[in-house]
Amino acid sequence: MEKKALQLASVASMIDQFNIPNIKILQSLGYKVDVVADFTHPGTITKERAEDLKNRLADMNVRVFDIAIPRSLNPRSISTAYKQVKELLDRENYNLLHCHSPIGGVIARQAARGKEGLKVIYTAHGFHFYDGAPLKNWLIFYPIEKHFSRYTDVLITINKEDYKRAKEKFKAKKTVYIPGVGVDTEKFVPCGSAREKIRAELGLKEDEIILLSVGELNDNKNHISVIKAIAGLNLVYVIVGKGEKKEELEKAAKECGVNLRLTGFRTDVADFYAAADIYILPSIREGLNVSLMEAMASSLPCLVGKIRGNVDLIDEHGGYLFRPESESEIRTAVENCVANRTGMGEYNLHKIRTFDINTVENLITKIYEWV
């Protein structure tokens, strides 16, 4: 009998950036794989990239179901998505469901309740409640995640803080820690020609210092604090990513006299790591950030907020940590790194090999085999 699996994520970008390896693993284990995500509003990738993703999945014999999985607590949107997912589960009789994102995980697990023969895996890419999180996050998301853990065969956590809390407090049949979604350490080997190409595109000289961020332009990524913190410093701040805060960031940079370059979505992000001198991740909340792992694999010194996930990756040998809300600490971290970064990139490259994609894929394979 044919085995069938469903990968469900909130937006197409999560499939594109995180779940293609999972799909290939499932196929290697004999599963016919389908995908559910919002391809109409695809997240951090362009609509053109989302259409290309559909074609790539079709070439892999993967069916796509374009369902608007909400990313906010909108009851009507949640109800609509739930009905569509439940109808799909009722019709297709899957053997395995792997779901991602907080609201998508709730919708999927509620729709899967009571279905015999269906095993449910949920990957928490960073709980919304964490040490230091706002009280409302604990009041809303903690009880929801705890409740739905009862309907989870395997709960995957990707940082040590989440793992400890889920292991002690939640009721999943099995709770595991996996070091993120993995990073291809071979892909991000520093390249001189790529460095020259990007610097030429940006009109920058070899001796100009590039401070790089990669990520969506939103409040959580907190790029605004970096812009305010580095006012007056002789460097260029490059952000690769798109989002709703573009105009706000450009305005702030102009007011602060910061040389800011916003590139939008790029498929050649590895070349930007090669062109950069320092990586900075000022986010307020992360699970285990992929761009940070890519920066480490690119031998970059890294400046990061002292938050969950980041502290699993960066210590004083590989960069500097700061409180994301403190512009003075961000500025000090940047200044210190500019003056004293020798050896940090090499240290990060060595450390990140523990999080290599091959290691993560081997662990995921064991989980798929176990269920």
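Biologist: Is Tyr237 buried or exposed, judged by its relative accessibility?

Modeller: Tyr237 counts as buried, at 0% relative accessibility (buried is under 20% relative accessible area, exposed over 50%, and partly exposed in between, with a 1.4 Å probe and protein chains only). The model is a predicted one, in which local features need pLDDT of at least 70 and side-chain atom pairs count only at pLDDT 80 or more, while totals for chains, interfaces and linings use all residues. Residues are numbered from 1 along each chain as its sequence is written, and side-chain values use heavy atoms, leaving out hydrogens and water.

Tyr237 belongs to strand S9, which covers residues 236-240 (strands, E, of at least two residues and helices, H or I, of at least four are DSSP runs numbered from the N terminus). Its C-alpha atom is 9.8 Å from that of His223, a residue 14 positions away along the chain.

Another buried residue is Glu286, with a relative accessibility of 9%. Glu286 sits in the loop that runs between strand S11 (278-281) and H11. Between the C-alpha atoms of Glu286 and Asn74 the distance is 23 Å, and 212 residues separate the two in sequence.

Ser101 is not a glycine, yet its phi is positive, at about 80°. This serine lies in the loop between strand S4 (96-100) and H4, and it is buried at a relative accessible area of 9%. Ser299 likewise has a positive phi, near 65°, without being a glycine. Ser299 occupies the loop between helix H11 (290-297) and strand S12 (302-305), and with a relative accessible area of 22% it is partly exposed.

Charged side chains give the next part of the picture. The count of salt bridges comes to 33 (a side-chain nitrogen of Lys or Arg within 4 Å of a carboxyl oxygen of Asp or Glu). One of these pairs is Glu145 with Arg109, whose closest N and O atoms are 3.3 Å apart. Glu145 comes from helix H5 (residues 135-148) and Arg109 from helix H4 (residues 102-112), so this bridge joins distant parts of the chain, 36 residues apart. Glu145 and Arg109 are both buried.

Lys351 and Asp315 also form a salt bridge, at 3.6 Å from N to O. Because Lys351 is in helix H14 (residues 344-352) and Asp315 is in the loop between helix H12 (310-313) and strand S13 (319-322), the pair ties together parts that are 36 residues apart in sequence. Asp315 is buried, its relative accessible area being 19%.

Arg331 and Glu335 are bridged at 3.4 Å from N to O, and here both partners lie in helix H13 (residues 327-339), 4 residues apart, about one turn of the helix. Arg331 is partly exposed at 26% relative accessibility, and Glu335 is partly exposed at 37%. Elsewhere, a network of salt bridges links Lys4, Lys32, Asp34, Arg63, Glu87, Arg91 and Glu92.

Helix packing can be followed in two pairs. H3 and H4 pack with their axes 9 Å apart and at an angle of about 45° (axes are lines fitted to C-alpha atoms, over the stretch in contact for helices, and angles run from 0 to 180 degrees between N-to-C directions). H3 is therefore oblique to H4 (under 35 degrees counts as roughly parallel, over 145 as roughly antiparallel, 65 to 115 as roughly perpendicular, and the rest as oblique). Helix H1 (residues 12-28) and helix H2 (residues 47-59) have axes that come within 10 Å and cross at roughly 25°, which means that H1 is roughly parallel to H2.

On the surface, Leu73, Leu135, Leu139 and Ile140 form a nonpolar patch whose accessible area together is about 400 Å² (Shrake-Rupley method, 1.4 Å probe, with only the protein chains shown as cover for residues). Patches consist of residues with over 30% relative accessible area and no salt bridge, joined within 9 Å for like charges and within 5 Å for nonpolar side chains (Val, Leu, Ile, Met, Phe, Trp, Tyr).
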